[in-house]
Amino acid sequence: MAAGSDSEDLTRVGPGTAMGALMRQYWLPALASSELKADGDPVRLMLLGEKLIAFRDSAGKVGVMDHRCPHRCASLFLGRNEAGGIRCVYHGWKFDAAGNCVDMPSVPAHQDFKDKVKAKAYRTAERNGLVWVYMGDRAELPVLPPIEATLLPESRVSVSFVQRDCNWLQALEGDIDTAHFGFLHAGSVGPDDFQDDHPMRHTVVDRAPAYHVKDTGWGTAYAAWRPDGEQVSWRFANFLFPFWTQAPNGEFGSFVAARAWVPMDDTHTLVVLMGGRNASSGYSSMPLKNGKPLPGFAPRVEYLPNTTDWYGRWRPVANAGNDYQIDREAQHSNEIFTGIRMIFMQDQAVTESMGPITDHGFEHLGGSDLMVARTRRRLLRAARELQEKGTLPPGAADPEVFFAARSGAFHTAPGADWWQAYEDRVAAAIKAKPEMTAAE
Ligand code: FES
Ligand SMILES: [Fe+2]
């Protein structure tokens, strides 16, 4: 990938950029519904380089709008969320959740022009505990994407958020780069540490698997494959437009998980992690022979207290400022390959360590980076076709394509066609089409 404009078009997300325009064609998951209380405090929200506020009005409707009051730009974050709208504390103008100016009490009645003033508000929707924002200007609002994990009711899904302090693309690429697993996460364990039937054992028997990669209706897909006894082991994973991933670490038939790598701005990313509450679904927490999970395993991120800052939500205690609490002793003794605890934080550390935006001109991509390279090309092509011809990117007008994406692991007999095997498994795994309801 050449440095320069390709790289800039891939990574920049602000208004007027190629990727920013692409991202604005989709619904973005932005907050947990529980972060906004009716008539509660507004929340500062940074999305695609825009400073916004989010609030929930008295009737429960969520408003998301430019934080600047359209009168003279005082921040509506300081505003009073009361009786069906947010009132600017400077001159008292008030806006409803859709951005309509509903009161202009500091202007003499005969000069009132509230009907002509609108805050820059974006459309919002809620589903299964998540608040979504649509920052595009298409008149016809797309339906929320039927990505499987987002369709699970709140009682059947666990959702968490983490802020990552780097560009969205390098953060996302960690999830479509299966070659790092046997090093970053499992570099200190060998085949003898696993029971023979542990589903991750072969990832350390052969740490350099072969790949298939292809473009799909939803984005890109890969399968890493390795001979495993008499059979072939397959690990499938996906990139879904514009910033979703599905990882391979679970039993294909029951594994329902997804992550969104939502760009806050060019150098900060909000990771939304979703997984079905299915005890048998994820492999990473399964014990090794010694009865413990992978070295350094920790069940959840430890957070600093949230603040009201633009970058104040969902920050881990382990961060660049304390070298991710790296334990050099555990690294030297090979107790933990990285010396960093928790799989997610190991990924956080390496992708943030690349710098705020990776210098693509400094990289040397190899055979294990096929999926990364292909995904960059697909993103870049889609962004350019939107910019140059107005062609909507994948899933923007046809979100049903997302429902066919599933990730996970399975085995086949040798010689099976990889994509036919995938389609057979998807057909067996997915029982019912979701209802494609339009968002509000
Ligand atoms: S700046 Fe908001 S009412 Fe004047
Ligand atoms: Fe990882």
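**Cavities, a pocket and an iron site**

Hi everyone, let me start inside the protein: the residues lining the second largest cavity split into four nonpolar, three polar and two charged. For the classes, Ala, Val, Leu, Ile, Met, Phe, Trp, Tyr, Cys and Pro count as nonpolar, Asp, Glu, Lys and Arg as charged, and the others, Gly among them, as polar.

This is a predicted model, where local features need pLDDT of at least 70, side-chain atom pairs count only at pLDDT 80 or more, and totals for chains, interfaces and linings use all residues, while side-chain values use heavy atoms, without hydrogens or water. Residues are numbered from 1 along each chain as its sequence is written, with chains lettered from A and ligands numbered from 1 in the order in which they are written.

Back to that second largest cavity. Its volume is about 50 Å³. A cavity is a set of points, on a 1 Å grid over the protein atoms alone, where a 1.4 Å probe fits but cannot get out; a pocket is an open set with protein on both sides within 12 Å along at least five of seven lines; and lining residues have an atom within 4 Å of a point. Points are joined across faces, edges and corners, and a volume is the space filled by probe spheres set on them.

Who lines this one? The residues are T178, A179, F181, G182, F183, T203, R207, P209 and R226. Helix 5 gives the largest share of that lining, with three residues. Helices here are DSSP runs of H or I, at least four residues, and strands are runs of E, at least two, numbered from the N terminus.

How many cavities of 30 Å³ or more does the structure hold? There are four of them. The largest cavity has a volume of about 80 Å³, and among its 13 lining residues Y26, W27, P145, G395 and F402 are the closest to its centre. Eleven of the residues in that lining are nonpolar, two are polar and none is charged.

Now for the open space. The largest pocket comes to about 1,300 Å³. It is lined by 45 residues, and R259, L273, G275, S284 and P299 are the closest to its centre. Several elements supply at least two lining residues each: strand 11 (157-164), helix 5 (181-185), strand 15, strand 16 (257-265), strand 17 and helix 8. By class, the lining of this pocket has 22 nonpolar, 16 polar and seven charged residues.

Next, the metal. Which protein atoms are donors of the iron ion, ligand 2? They are NE2 of H180, NE2 of H185 and two OD atoms of D347, at 2.0 to 2.5 Å from the iron ion. Donors are N, O and S atoms within 2.8 Å of the metal (3.2 Å for Na, K and Ca); water is not among the atoms, so sites may look incomplete. Along the sequence, the spacing of the donor residues is H-x4-H-x161-D. H185 in helix 5 and D347 in helix 8 link distant parts of the chain, 162 residues apart.

Backbone next. Most residues other than glycine have a negative phi, and most peptide bonds are trans. A cis peptide bond joins F241 and P242, with omega about -10 degrees, and P242 sits in the loop between strand 14 (231-240) and strand 15 (244-246). Y324 has a positive phi, near 55 degrees, and lies in the loop between strand 17 (268-276) and helix 7 (328-332). M342 has a positive phi too, near 80 degrees, in the loop between helix 7 and helix 8 (343-353). Y324 is buried at 10% relative accessibility, and M342 is buried with a relative accessible area of 10%.

Last, two buried strand residues. Q163, in strand 11, is buried with 4% relative accessible area. Leaving out residues up to four places away in sequence, Q163 has contacts (heavy atoms within 4.5 Å) that include H268, Y311, W314 and Q348. G408, in strand 18 (residues 408-412), is buried with 0%. G408 and G282 are 126 residues apart in sequence and 9.2 Å apart in space, C-alpha to C-alpha.

How values were computed
Buried < 20%, exposed > 50% of the residue type's maximum accessible area, 1.4 Å probe, protein only.
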